[in-house]
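This note sets out points for a colleague who is reading the structure alongside the text. The points are numbered so that each can be taken up separately.

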Amino acid sequence: MNFYEKFLHIDRRYIFIFVALRVIIPLVWPLGLAVTTSPPVENVYNAVEELAPGTPVLVSVDYDPSTQPELSPMTIAVLRHCFARDLPVIITVLHPGGPGLALEISDRISKEVGAVYGEDYVFLGYKVGSSAVILSIGQDFHVSFPADYFNTPIDEIPLMKKVKNYNDIGLVITMSGSTYPDAWVAFAHERYGQKLAAGVTAVMAADYYPYLQTGQLVGLIGGLKGAAEYEKLINRPDDGLKGMDAQTIVHLFVVLMILLGNIAFLFVQRAKKREAA
Amino acid sequence: MHISTDIWIWIAAILTLCIYSFLYKDNPFYKFAEHLLVGVSAGYFFVIYFWNLVVPNLLTPLKNGFGTLFSGGGFTGDLAALVPGILGLIILTRLIPKIAWMSRWAIGFYFGAFQGLTITGYMQAYILAQIYGTFMKGNNPVFSVALIGSFFSDPGWGKILLAVSGPLMILGVICTLTYFFFSKEHKGFVGGVAKIGIVFLMIGFGASFGYTVMARVSLLIGRLQFLLRDWLGVIS
Amino acid sequence: MKKLTGIFIALSLAAAATAAAPEEPSLPVAARDGPNDAGGAVEIFWLASPLEKEEGFKGYEVQRRAEGEEVFATIAEIPPGEVVHQDQEAEDGVPYEYRVRVLTSEGAPVVLGVSKATASGQWFNTARTNALVGVVFTSFVIIFFIFRARGGAELFVRKIAGLDAVDDAIGRATEMGKPILFVSGLADASEISTIAAMTILGKVARKTAEYETPLIVPCYDPIVMMVEKEIVRQAYTEMGKPDAFDEDSVFFVTQSQFGYVAAVDGIMLREKPATNFYMGAFFAESLILAETGAETGAIQIAGTDRVTQLPFFITACDYTLMGEELYAATAYLGRDPLFLGSLKGQDWAKAVIMLALVVGTIFLIISTDLGIWFAKLFETSAS
Amino acid sequence: MRRELPLAICFIMGIIMTVQFFIPHRHSQWLFDNMLKWLIIVLTFAMILGIGNLVKLHIQKVQHRRRDWLYSIVALFGISASLITGFGWGIEADSPFMVLFNYVQIPMQATMFSLLAFYIASAAFRTFRARTVEATLLLVAAVIVMLGRVPLEGIVGRWLPDLAEWILDYPNMAAKRGIMIGIGLGAISTALKIILGIERSWLGGGD
């Protein structure tokens, strides 16, 4: 077996090691590869920028741990942005697997920026029945969320005293690993004219571009790349940009392996032909 | 370095490593994790279904329904829950060999109901919506004479791509469908068209494969972040 | 063929004619029963008031009163820019009067107009007429050819490589003295692909019974397990080897997607099956299964109707049944005339769809409006 | 009773649920909403059989000291842990059941899922070879789309991501639509055969 043939039949465990290293190294020592921002993400950023300080933003954590690696970085970036702009944040959860994640993130980020619970942000928790919940917020938050996640009646929460329904909310951002944005578009935007943005996984992003064209979504954050762009916009590098480094490197590695594999394959084929001749 | 002191994080981390050990080869650690996962998850779904479905949709309505009935309130809609209740018990006849055949009644019910849902659901999502989508992109047709005309008045790469994309889409759908002709041998004209269908299929499969790589890497990033940050604390 | 197409097009035209066109309110306010709904809803439209352009305009107020009531109660406040509201709390059969008023920052609201409507549930969803036409037409063609096949018509079916390989794959396992692994997807018994997988399992089990090759069938769903157990038992009985049937060869694992995958991966590495079948509905796990199987050197035959997973099976397996080929397997392996007939019916339906695509293209070339009109015949309603 | 009755039930239910789709009326909607719940309840009963089967197999393994029987004890332990915590303390957010779910089941499931990152790389290397024209097309499309999704702006122009998007939007969608229409017809045909009792393998054998 010559070198090329050996390469073609390389033990796949070597590939595994390379993949693992190519993810671990950028996570530990970020490379800071350049990321250029794209209009859909810039539009979300601008929508937040345009709000007057004090205008509440609703962030809905509509995903579970399976899509968390992609969606948590963008949720964190958006929260940081809102807090930096003095926009109070109302957090809701429509996915049954989401409350734990939402709690952890809101806890961590509020501590980091010194946001006060009840004034700068509030966590309303999970309610079953996605479309019905979205609709009911249009009437009144009380319908679906009489109390917050910690069972404090929302009438006793300073922030919620100022908020009745969508009319009092500047922007809704849904972070979702499945079809929740469709429900938000259909019920919050179409029915109540609520300004809406979405954060989705990379695989889903293409499905939601049409909503951007029609203006049903003001902006869209797609996958780790989108999160990285948002981090760049708010100038606060974190998991998105780090993950993006890892993703880019693994991508290029896979492409390189395919190319090398084909070159080796070509040489082996040629050698075989020569032998046959 | 701030290694976690939470016992549950340690458990989660060790189990994560046990699963990863499978990449090297099958081994006792993997076997342990595998059997634990199968056991815990099998029980998990049963418990979840019980609390989230059986209790609110079977036990509670039955309790209310019979409550009203026995207190003289007559029959109420709650008693409709008897349907799945009885079907469920019929399914369990499988445990008694003598009358195991009765379970087929419940299976017939289950299969029949879903077939009805399938016929209409697939007609909408897989046939009508796809035909519609072949012609229309959002609210605009995929091609128009004007679009093609605009290429001839002002030729350019972007324009030609825009102009041919629509017709190419329709052609692609027709050729791919031809590949799925079963009652005609793929020879001659039909064979040629089916070949073009295969070209579309292969490009489509390649593109979908490439499109998914990124999402898969992010899963690995998530797990490694857990190990490196939440457990070992080597990254912030 | 011509006749069928004619009927199809005529029906589609009829469907288009009956579909309700979106109404433009001619009066300042118009209320109507919510179309194609379960009842309990009234839609109220109005023409934008000239006051909209003036300063101090705050929006509209929709009010309602039932027949016999004196006062109007406000049911919704509508922000500027919208001219439609759906009253979801109307009671069926009660005649209501709806009043829309313009709200301004100063002065009392100005009445825009009044309109009457009664909510009711409909017995036919006109927005689904096209689906009805489609279902009736497709069913008719398929049943027609099933009947023709019963009459003894000659039926041809083209080669499907993945299915031709089934015999060889089982033979190979027998020679090697190794088992065969059959995974019937990770969906419940309600999925058509799972049912197709069950039928293929029946055919495979007959072969393994004949050669007395061990068969391993781990199941994701308990109902699938129940049914498959019976199918395999039946296959062994029919081949005259009821004693060779091992009750424990068909077993339940877990309904957790990746728990199931962990277990099947373990089976592949420990039992080293010579042939792996993956038939049915698969999700993200497809590649984990197929790559693990490839590593053990098994022959792998996959079949799925999950379009997103096909690329992974195509690359990692030896043979892959794509989409409709999976359903065709039953007809192909069994050569039962009724099944072959239905296959022929599907082909005719396909031909009509292709014709519709060509017609639509021609229409689009003639006139964009005509093309859009034709495309809209196939538009589906979500509700 | 043994074969005809289940076939008849299947037929009737199939027709009812097909017709239901076209009726928006409240009664019809009620049936649809409840039917989905009922079917899952039936499934839950069947899970008793499934879990019973799983438990039986592992107990047998332990009893007969078959290969790897020690691990069967682990599986049995897992089932008991879920069932006992789930029925004993309920499934609220901080219950023992959810702790088990969050720190045992979720990490392992997520890890299994993440194996894909490795396998997608090894599968690409192993199988993406320009053996035939078809394989080459697949390979080229995959490489273009992969490169198009990496932020390489500045190194190569916008044309690469644009081309990748075009491939996804047109040739890829065309192929998908073709497959889906075929699937639609095949599924309707299979469902029809089941309703009509032509496809009856689900009945199993015997009388």
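1. Overall confidence. The structure is a predicted model. Its scores are ipTM 0.90 and pTM 0.89. For chain C, the mean pLDDT is 88, with 92% of the residues at 70 or more.

2. Confidence within chain C. Which elements of chain C have the lowest and the highest mean pLDDT? The lowest value among its elements, 45, belongs to helix α1 (residues 2-18) of chain C, and the highest, 98, to strand β8 (residues 180-183) of chain C. The pLDDT is below 50 over residues 1-24 of chain C, a stretch that has 24 contacts in the model beyond near neighbours in sequence. Where pLDDT is low, predicted coordinates should not be read in detail.

3. Contact of chain B with chain D. This contact draws 96 residues from chain B and 102 residues from chain D. On the chain B side, at least two residues each are supplied by α1 (7-20), α2 (28-73), α3 (82-91), α4 (103-135), α6 (157-179) and α7 (188-231) of chain B. The largest share of that side is the 24 residues from α2(B). Sorted by class, the side of chain B that touches chain D has 66 nonpolar, 25 polar and 5 charged residues.

4. Contact of chain B with chain C. Here chain B contributes 47 residues and chain C contributes 51 residues. The side of chain B that touches chain C takes at least two residues from each of α2, α4, α6 and α7 of chain B. Which helix gives the largest share of this side? That share, 17 residues, comes from α4(B). The class division of the side of chain B that touches chain C is 31 nonpolar, 10 polar and 6 charged residues.

5. Helix packing in chain B. The axes of α1(B) and α2(B) are 8 Å apart, and the two helices pack at an angle of about 115°. The crossing of α1(B) past α2(B) is left-handed. From α1(B), the residues B:L15, B:C18 and B:I19 meet B:F29, B:Y30, B:F32 and B:A33 in α2(B). The contact of α1(B) with α2(B) has 7 nonpolar residues, with no polar and no charged residues.

6. The sheet of chain A. In chain A, 6 strands form an open sheet with parallel pairing, in the order β3-β2-β1-β4-β5-β6. The edge strands, each pairing on one side only, are β3 (121-126) and β6 (219-222) of chain A. On average, and with direction ignored, neighbouring strands of this sheet are turned by 15° against each other. Within the sheet, 4 bridges in the parallel sense pair strand β1 (residues 57-62) of chain A with strand β2 (residues 89-93) of chain A. Opposite A:S60 stands A:T92 in β2(A).

7. Helices of chain A. Helix α5 (residues 99-113) of chain A lies across β1, β2 and β3 of chain A and runs at about 170° to β3(A). Helix α10 (residues 202-214) of chain A lies across β5 (196-200) and β6 of chain A, at about 170° to β6(A). The axes of helix α4 (residues 68-84) of chain A and helix α12 (residues 239-276) of chain A come within 9 Å, crossing at roughly 145°. In this pair, A:P73, A:M74 and A:A77 of α4(A) meet A:D239, A:G240 and A:G243 of α12(A). By class, the contact of α4(A) with α12(A) has 3 nonpolar, 2 polar and 1 charged residues.

8. A sheet of chain C. An open sheet of 3 strands in chain C has antiparallel pairing and the order β1-β2-β5. Because β1 (29-33) and β5 (84-87) of chain C stand at the edges with a single partner strand each, one side of each is left without a neighbour in the sheet. From one strand to the next, the twist averages 20°. Strand β1(C) runs antiparallel to strand β2 (residues 42-46) of chain C and is joined to that strand by 5 bridges. The bridge partner of C:V29 in β2(C) is C:W46.

9. C:R150. This residue is placed in helix α2 (residues 129-150) of chain C. Is C:R150 buried or exposed? C:R150 is exposed, with 12 other C-beta atoms within 10 Å. Apart from neighbours within four places in sequence, C:R150 is in contact with C:P337 and C:L338. Between C:R150 and C:A209, which are 59 residues apart along the chain, the C-alpha atoms are separated by 30 Å.

Notes. Residues are numbered from 1 along each chain as its sequence is written. Chains are lettered from A and ligands numbered from 1 in the order in which they are written. This is a predicted model: local features need pLDDT of at least 70, side-chain atom pairs count only at pLDDT 80 or more; totals for chains, interfaces and linings use all residues. Two residues are in contact if their C-beta atoms, placed from the backbone, lie within 7 Å. Ala, Val, Leu, Ile, Met, Phe, Trp, Tyr, Cys and Pro count as nonpolar, Asp, Glu, Lys and Arg as charged, and the others, Gly among them, as polar. pLDDT is the predictor's confidence in each residue, from 0 to 100. Axes are lines fitted to C-alpha atoms, for helices over the stretch in contact, and angles run from 0 to 180 degrees between N-to-C directions. Two strands pair if DSSP finds at least two bridges between them. A crossing is left-handed if the near helix is turned anticlockwise from the far one by less than a right angle, and right-handed if clockwise. A residue is buried if 20 or more other C-beta atoms lie within 10 Å of its own, exposed if 12 or fewer, and partly exposed in between; C-beta atoms are placed from the backbone.
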